[in-house]
Amino acid sequence: MLTLYGAKGSGSAAIEAALTIADVPFNALQAATWEPGPGLEELKRVNPLAQIPTLMLEDGTVMTESAAILIWLGLRHPKSGLLPPEPAQHIRALVFIAANCYAAIGIIDYPERFCADCDKATAERIKAGSIARLHQYWDMFADRFGALLQPERPAALDVLAATVSRWSGARAHLKEARPALHALLERIESHAPIARIFERHWPKK
(Lines give C-alpha, C1' and ligand atoms only; values in the text may rest on other atoms or scores of the structure.)
Protein backbone atom coordinates (compact mmCIF):
# COMPACT_ATOMS: atom_id res chain seq x y z
CA MET A 1 0.00 0.00 0.00
CA LEU A 2 1.12 3.55 -0.70
CA THR A 3 2.24 5.75 2.18
CA LEU A 4 1.52 9.48 2.06
CA TYR A 5 3.62 11.73 4.28
CA GLY A 6 1.73 14.92 4.99
CA ALA A 7 0.23 17.26 7.53
CA LYS A 8 -3.01 19.07 8.22
CA GLY A 9 -3.39 22.29 6.26
CA SER A 10 -0.61 21.47 3.80
CA GLY A 11 -0.14 20.63 0.14
CA SER A 12 -0.61 16.96 0.94
CA ALA A 13 -4.37 17.65 0.72
CA ALA A 14 -4.03 17.65 -3.08
CA ILE A 15 -2.46 14.20 -3.15
CA GLU A 16 -4.98 12.85 -0.65
CA ALA A 17 -7.77 14.15 -2.89
CA ALA A 18 -6.21 12.66 -6.02
CA LEU A 19 -5.74 9.25 -4.38
CA THR A 20 -9.37 9.37 -3.28
CA ILE A 21 -10.58 10.29 -6.78
CA ALA A 22 -8.56 7.40 -8.22
CA ASP A 23 -9.88 5.06 -5.50
CA VAL A 24 -6.33 4.14 -4.46
CA PRO A 25 -5.91 2.98 -0.85
CA PHE A 26 -3.08 4.56 1.11
CA ASN A 27 -1.66 4.94 4.58
CA ALA A 28 -1.36 8.50 5.86
CA LEU A 29 1.63 9.36 8.04
CA GLN A 30 1.62 12.68 9.87
CA ALA A 31 4.95 14.39 9.22
CA ALA A 32 6.02 18.02 8.91
CA THR A 33 9.02 20.19 9.74
CA TRP A 34 6.88 22.14 12.21
CA GLU A 35 5.91 18.96 14.09
CA PRO A 36 9.04 17.33 15.58
CA GLY A 37 8.66 13.63 16.30
CA PRO A 38 8.88 10.15 14.81
CA GLY A 39 6.92 11.13 11.71
CA LEU A 40 9.36 13.89 10.83
CA GLU A 41 12.36 11.64 11.37
CA GLU A 42 10.83 9.01 9.07
CA LEU A 43 10.11 11.69 6.47
CA LYS A 44 13.74 12.89 6.59
CA ARG A 45 14.85 9.32 6.02
CA VAL A 46 12.92 8.98 2.78
CA ASN A 47 13.15 12.63 1.66
CA PRO A 48 16.19 14.56 2.94
CA LEU A 49 14.45 17.86 2.11
CA ALA A 50 11.69 16.85 4.57
CA GLN A 51 9.11 18.32 2.21
CA ILE A 52 5.49 17.24 2.09
CA PRO A 53 3.74 15.71 0.34
CA THR A 54 6.03 12.74 -0.11
CA LEU A 55 4.61 9.47 -1.42
CA MET A 56 6.24 6.08 -0.93
CA LEU A 57 5.19 3.47 -3.46
CA GLU A 58 4.55 -0.20 -2.79
CA ASP A 59 8.08 -1.19 -3.81
CA GLY A 60 9.74 1.45 -1.62
CA THR A 61 10.29 3.95 -4.43
CA VAL A 62 9.86 7.52 -3.22
CA MET A 63 7.91 10.16 -5.15
CA THR A 64 8.22 13.85 -4.28
CA GLU A 65 7.01 17.12 -5.81
CA SER A 66 3.23 17.51 -5.94
CA ALA A 67 2.98 18.01 -9.69
CA ALA A 68 5.13 14.94 -10.37
CA ILE A 69 3.04 12.81 -8.00
CA LEU A 70 -0.20 13.95 -9.61
CA ILE A 71 1.08 13.32 -13.13
CA TRP A 72 2.33 9.87 -12.10
CA LEU A 73 -1.04 9.02 -10.54
CA GLY A 74 -2.86 10.19 -13.65
CA LEU A 75 -0.66 8.09 -15.93
CA ARG A 76 -0.83 5.03 -13.67
CA HIS A 77 -4.63 5.24 -13.33
CA PRO A 78 -5.86 6.51 -16.71
CA LYS A 79 -9.48 5.57 -16.01
CA SER A 80 -9.51 7.84 -12.93
CA GLY A 81 -9.80 10.98 -15.06
CA LEU A 82 -6.99 12.69 -13.14
CA LEU A 83 -5.45 13.54 -16.52
CA PRO A 84 -7.36 13.92 -19.80
CA PRO A 85 -6.51 11.74 -22.83
CA GLU A 86 -4.50 14.63 -24.30
CA PRO A 87 -2.84 15.99 -21.16
CA ALA A 88 -0.25 18.42 -22.54
CA GLN A 89 -1.88 21.64 -21.32
CA HIS A 90 -2.91 20.10 -17.99
CA ILE A 91 0.69 19.00 -17.37
CA ARG A 92 1.86 22.48 -18.34
CA ALA A 93 -0.58 24.03 -15.85
CA LEU A 94 0.40 21.62 -13.07
CA VAL A 95 4.07 22.49 -13.54
CA PHE A 96 3.19 26.20 -13.71
CA ILE A 97 1.75 26.00 -10.21
CA ALA A 98 4.70 23.99 -8.93
CA ALA A 99 7.42 26.10 -10.55
CA ASN A 100 5.92 29.50 -9.86
CA CYS A 101 3.30 29.55 -7.09
CA TYR A 102 5.00 26.93 -4.92
CA ALA A 103 8.37 28.64 -5.38
CA ALA A 104 7.01 32.03 -4.37
CA ILE A 105 5.40 30.55 -1.25
CA GLY A 106 8.77 29.14 -0.20
CA ILE A 107 10.26 32.64 -0.32
CA ILE A 108 7.29 34.14 1.54
CA ASP A 109 7.61 31.58 4.31
CA TYR A 110 11.41 31.70 4.59
CA PRO A 111 12.75 34.99 3.13
CA GLU A 112 15.94 34.69 5.17
CA ARG A 113 16.92 31.63 3.15
CA PHE A 114 17.21 33.75 0.02
CA CYS A 115 19.22 36.67 1.38
CA ALA A 116 22.66 36.69 2.99
CA ASP A 117 22.82 38.55 6.34
CA CYS A 118 19.08 39.16 6.14
CA ASP A 119 17.75 41.59 8.73
CA LYS A 120 14.08 41.85 9.68
CA ALA A 121 13.33 44.86 7.49
CA THR A 122 14.91 43.23 4.45
CA ALA A 123 13.03 40.01 5.12
CA GLU A 124 9.75 41.94 5.21
CA ARG A 125 10.52 43.63 1.88
CA ILE A 126 11.38 40.29 0.29
CA LYS A 127 8.16 38.84 1.67
CA ALA A 128 6.04 41.75 0.39
CA GLY A 129 7.55 41.53 -3.07
CA SER A 130 7.06 37.77 -3.18
CA ILE A 131 3.40 38.07 -2.18
CA ALA A 132 2.84 40.57 -4.98
CA ARG A 133 4.58 38.24 -7.41
CA LEU A 134 2.52 35.27 -6.20
CA HIS A 135 -0.66 37.21 -6.92
CA GLN A 136 0.62 37.95 -10.43
CA TYR A 137 1.26 34.25 -10.95
CA TRP A 138 -2.31 33.41 -9.98
CA ASP A 139 -3.64 36.10 -12.33
CA MET A 140 -1.59 34.51 -15.12
CA PHE A 141 -2.90 31.08 -14.17
CA ALA A 142 -6.49 32.33 -14.30
CA ASP A 143 -6.01 33.90 -17.72
CA ARG A 144 -4.15 30.99 -19.31
CA PHE A 145 -5.43 27.88 -17.55
CA GLY A 146 -8.70 28.73 -15.84
CA ALA A 147 -10.71 27.22 -18.69
CA LEU A 148 -9.11 23.82 -18.01
CA LEU A 149 -10.68 23.49 -14.56
CA GLN A 150 -13.69 21.18 -14.27
CA PRO A 151 -15.45 21.52 -10.91
CA GLU A 152 -18.15 19.01 -11.88
CA ARG A 153 -15.51 16.27 -12.10
CA PRO A 154 -12.33 17.45 -10.36
CA ALA A 155 -9.02 16.09 -11.66
CA ALA A 156 -5.34 16.55 -10.84
CA LEU A 157 -5.15 20.18 -11.91
CA ASP A 158 -8.31 21.07 -10.01
CA VAL A 159 -7.16 19.66 -6.68
CA LEU A 160 -3.69 21.21 -6.94
CA ALA A 161 -5.05 24.65 -7.85
CA ALA A 162 -7.61 24.51 -5.04
CA THR A 163 -5.06 23.34 -2.49
CA VAL A 164 -2.19 25.68 -3.29
CA SER A 165 -4.39 28.75 -3.67
CA ARG A 166 -5.97 28.03 -0.29
CA TRP A 167 -2.89 27.50 1.84
CA SER A 168 -0.92 30.24 0.10
CA GLY A 169 -3.54 32.79 1.13
CA ALA A 170 -4.18 33.81 -2.48
CA ARG A 171 -7.95 33.38 -2.37
CA ALA A 172 -8.64 36.90 -1.05
CA HIS A 173 -6.68 38.37 -3.96
CA LEU A 174 -8.41 36.14 -6.51
CA LYS A 175 -11.83 37.04 -5.19
CA GLU A 176 -11.14 40.65 -6.14
CA ALA A 177 -8.85 40.27 -9.17
CA ARG A 178 -10.12 37.07 -10.81
CA PRO A 179 -13.60 36.33 -9.38
CA ALA A 180 -14.38 33.71 -12.05
CA LEU A 181 -11.38 31.60 -11.01
CA HIS A 182 -12.21 32.14 -7.36
CA ALA A 183 -15.72 30.81 -7.98
CA LEU A 184 -14.35 27.75 -9.77
CA LEU A 185 -11.99 26.97 -6.89
CA GLU A 186 -14.85 27.26 -4.40
CA ARG A 187 -16.90 24.81 -6.48
CA ILE A 188 -13.99 22.37 -6.73
CA GLU A 189 -13.46 22.19 -2.99
CA SER A 190 -17.18 21.81 -2.33
CA HIS A 191 -17.30 18.67 -4.48
CA ALA A 192 -17.66 15.47 -2.43
CA PRO A 193 -15.41 13.76 -1.33
CA ILE A 194 -12.96 16.64 -1.78
CA ALA A 195 -15.11 18.71 0.57
CA ARG A 196 -14.52 16.23 3.40
CA ILE A 197 -10.76 16.31 2.82
CA PHE A 198 -10.64 20.09 2.74
CA GLU A 199 -12.82 20.39 5.83
CA ARG A 200 -10.36 18.18 7.70
CA HIS A 201 -7.38 20.20 6.51
CA TRP A 202 -9.00 23.61 6.88
CA PRO A 203 -11.91 23.37 9.34
CA LYS A 204 -14.51 26.11 9.05
CA LYS A 205 -14.38 28.48 11.99
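Me: What makes the radius of gyration of the protein agree with that of a compact globule?
Reply: The radius is taken over C-alpha atoms, and the globule rule is 2.2 Å times the number of residues to the power 0.38. For 205 residues the rule gives a value near 17 Å; the protein has 17 Å, so the two agree. This is a predicted model: local features need pLDDT of at least 70, side-chain atom pairs count only at pLDDT 80 or more, and totals for chains, interfaces and linings use all residues. Residues are numbered from 1 along each chain as its sequence is written, and side-chain values use heavy atoms, without hydrogens and water.

Me: How do you know how many helices and strands there are?
Reply: Helices (H or I, at least four residues) and strands (E, at least two) are DSSP runs, numbered from the N terminus. The protein has 9 helices and 4 strands.

Me: What makes the span of helix 5 agree with its number of residues?
Reply: The expected span is 1.5 Å times one less than the number of residues. Helix 5 (residues 120-145) has 26 residues and should span 38 Å; its end C-alpha atoms are 36 Å apart, so the span agrees.

Me: Why are residues such as Trp138 in helix 5 called buried?
Reply: Buried means under 20% relative accessible area, exposed over 50%, partly exposed in between (1.4 Å probe, protein chains only). In helix 5, Trp138 falls in the buried class, and the buried residues also include Leu134, Tyr137 and Phe141.

Me: What covers the buried residues of helix 5?
Reply: Contact means heavy atoms within 4.5 Å. The cover includes helix 4 (88-109), helix 6 (156-167), helix 7 (171-177) and helix 8 (179-189).
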